[in-house]
Amino acid sequence: MAHRSSKRMKKTLLGGGAVVLLAGLNAPAALSFATEQYHAWEIAQPDYVARYGAWHGVDIPKEYRTNAIHAALLHTGKVLIIAGSGNKQDHFDAGTFDTVLWNPKDNSFKKIPTPEDFFCGGHAQLPDGKLLVAGGTARYELLDGEVKRAGGGMRVKNESPDKAVTVKKGTKFRSPSGVEYTSKFTVTVPRAKREFEVSYYDTGQAKPWKTKTTAGEARVFVEAVAVGPRSVATDMAQYEIEGLSGKDADNVYGLAEKITLDKQDFQGIRAAYEFDPKAEKYIPVTPMKEARWYPTLTTLQDGRVLAVSGLDDVGAILAGDNEIYDPKTKQWSKGPFRYFPTYPSLFLTKSGKLFYSGANAGYGPADKGREPGLWDVEKNTFTKIGGLNATDQLETASSLLLPPAQDQRFMLLGGGGVGESKKATPRTAVVDLKQQNPLFKSGPELPQGTRYLNSVIMPDDSVFTTGGSSDYRGRGGSNIFRAQFYDPKENAFREAADPVIGRNYHSEALLLPDGRVATFGSDSLFGDKDNTKLGKFEQRMEVYTPPYLYRDKDKRPALGDGPEAAAGDGRATFKTDHPERVVKARLMRPSAVTHTTDVEQRSIELGLTKDRTSVTITVPKDRALVPPGWYMVFVTDQEGTPSEAKWLRVD
């Protein structure tokens, strides 16, 4: 790479007094030390940062350091960092759930009381600026060989049409042979439904007095009281429930699905909350019908949110039971039935359809739900899109809507094999949805095969990509200390300064309102190249300052006072002392990112007019292009130097 130390420069650095140092030290160690010293000096030079930018660590007080699993930019300019239990079984067992609010303006931090384990849930920006957070962890996994007590799903039936019945956590279910199991969660079983039926006899006369009763049903994960294989149950049986009496004992019972000593996967929760950026607290809303762990939440053009996929309450991937949240009513309704692997990358397109890039971040069979395409949510039809290579390496890939959003071009970057595969691809590809028969076309390759790459849309219409690893969860010291910009117009990469901190699984990156990029998290499986030391969660944060912020600060575009919301005609006027510097304007939706998946971010080209003291931007009326919500307004000069953002609400 052009900005790395040359052999000649290393020799120059090692001249003079350095020879004395080499005489007393191991030569390779001294050379390594000298190279590091030179690199630290080199990357601080004005010419270097002007060309490549620079990384800076964030000073985080010890009490605010957390395992960043999720990160979302709020319209207050603060960043919500959600850990939940943070992939820590002991935190989960203790009910210690964590959320930290970071203010990049003054680098202040605040702890937020966290009511549920949102670890590996989903999130989406809502029209009023709140953040919907749904799903998370009900139970940690037990791997093969770790399961001592048989477990599985129990369907709980209620044949009473008169009332619902609550079965509390710890309730015992007893099989006909006397084997006992305990429920791991509290569930409420709805009352039975009674429907009238019209019955015809030989006379053909209608008898409208006959009724049909359909039992209410809920499902709960149960675990055997006794250790060992005697509690394994593979045949359907009816289980009595301890603690019920009278009619409840007759009407309510369990039906085992399958109770085994097989691996037990993570299990999801139904909980849903809105985080209020002004009150800075979580507010409970109606829970989802389905429990979800590793779901994707995608905003629709009317501001509702579609929840897709996830592991359910017994650890199985949902078969296609999707649902829609309405922020006006705070209720969920049934969505179109379609299967996706967990954390699928689903983006709203200008047609109102959802584009599935094929990328996903977690669980699912290799031969199901992996093909990219366009999903018509209203008709529930799916049109596949071909042309992609390395289709067996879509897991942990990065994908995004290239700027500006009006172009409707989507990019896929990197990825790896399904599960703990060692496969990683440098492949990038772009598809233009404006074409009559869109197909992926290969783009420039990444420097090497990369999983867990974070990609961020920038105000100058470039895409900043950083980090990742060449193996599963950074295994074998495979973190990639590289960053680069992708230029959509040139269809080419250019170098950026290398990050100091490696980022792989459970890492995030997002654009800040001042034009910088913040990076969080990383959860390496091992901490060394030989895979002998267990990895440690990376709690340091690092912020990247792009080259455009090292240009003449006095000439940087700046926006002054303006409205809080766009007018009915889409216009908003902002004061500025130098309107002549402004040549472009972009409306940028704030990120909500986890597991390399950020389906929120998008950059929309704005209409722009100027007078002597102000600039007026015009927001497109198409809500499939600009979903309702809060956005950042950036203006840029001829060189692409952006202003600091102004926040604007689009209704």
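**Reading cores, sheets and ring pairs in a predicted model**

Q: Which residues of the largest nonpolar core touch the most other members?
A: Among the 51 residues of the largest nonpolar core, V79, W102, F464 and F520 are those that touch the most other members. A nonpolar core is a set of buried Ala, Val, Leu, Ile, Met, Phe, Trp, Tyr and Cys residues joined through side-chain atoms within 4.5 Å; buried means under 20% relative accessible area, exposed over 50%, and partly exposed in between, using a 1.4 Å probe and protein chains only. As a general idea, nonpolar side chains tend to be buried together in soluble globular proteins. A second, separate core has 36 residues, including L433, V626, V633 and V650.

Q: What should I know about the model before reading on?
A: This is a predicted model, in which local features need pLDDT of at least 70 and side-chain atom pairs count only at pLDDT 80 or more, while totals for chains, interfaces and linings use all residues. Residues are numbered from 1 along each chain as its sequence is written, and side-chain values use heavy atoms, leaving out hydrogens and water.

Q: What is the average pLDDT of the protein chain, and over which residues does pLDDT stay under 50?
A: The score called pLDDT is the predictor's confidence in each residue, on a scale from 0 to 100. The protein chain averages 93, and 92% of the residues score at least 70. Over residues 1-23, however, pLDDT stays under 50, and for this stretch the model has 29 contacts beyond four places in sequence, where contact means heavy atoms within 4.5 Å.

Q: Which residues does F464 touch, not counting those up to four places away in sequence?
A: With those residues set aside, F464 touches W55, N454, S455, V456, M458, A483, Q484, F485, A496, V517 and Y544.

Q: How many aromatic pairs are there, and how is the one between F485 and Y544 arranged?
A: Rings of Phe, Tyr and Trp (for Trp, its six-membered ring) pair if their centres lie within 6.5 Å; planes under 30 degrees apart count as stacked, over 60 as edge-to-face, and the rest as tilted. By this rule the count comes to 33 aromatic pairs. One of them joins Y294 and Y343, which are tilted, with 4.5 Å from centre to centre and 35° between the planes. Y294 lies in the loop between β21 (281-285) and β22 (296-299), whereas Y343 lies in the loop between β25 and β26 (344-348), so that the pair links distant parts of the chain, 49 residues apart. Y294 is buried at 1% relative accessibility, and Y343 is likewise buried at 1%. F485 and Y544 also form a tilted pair, 6.1 Å centre to centre with 50° between the planes. Because F485 lies in strand β36 (residues 483-487) and Y544 in strand β40 (residues 542-545), this pair ties together parts that are 59 residues apart in sequence. F485 is buried, with a relative accessible area of 2%, and Y544 is buried at 0%.

Q: Which residues form one aromatic cluster with Y294 and Y343?
A: The cluster consists of F92, F119, Y140, F266, W293, Y294, Y343 and Y363.

Q: In what order do the strands β44, β42, β47 and β48 lie in their open sheet?
A: Strands of a sheet pair through backbone hydrogen bonds, either parallel or antiparallel. Helices (H or I, at least four residues) and strands (E, at least two) are DSSP runs, numbered from the N terminus, and two strands pair if DSSP finds at least two bridges between them. The order here is β44-β42-β47-β48, with antiparallel pairing. The edge strands, β44 and β48 (646-650), each pair on one side only. The twist averages 35° from one strand to the next; axes are lines fitted to C-alpha atoms, for helices over the stretch in contact, and angles run from 0 to 180 degrees between N-to-C directions.

Q: Where does S603 lie, and is S603 buried or exposed?
A: S603 lies in strand β44 (residues 602-605) and is buried, with a relative accessible area of 1%. Four bridges join β44 to strand β42 (residues 584-589), in the antiparallel sense, and S603 is the bridge partner of M588. Leaving aside neighbours within four places in sequence, S603 is in contact with P403, P404, A405, I457, D461, R586, L587 and M588.

Q: How many residues lie between β24 and β25 in their hairpin?
A: There are four residues between these strands, and K330 in the turn has a positive phi of about 60°. Four bridges pair β24 with β25 (residues 331-334) in the antiparallel sense, and E323 has K334 as its bridge partner in β25.
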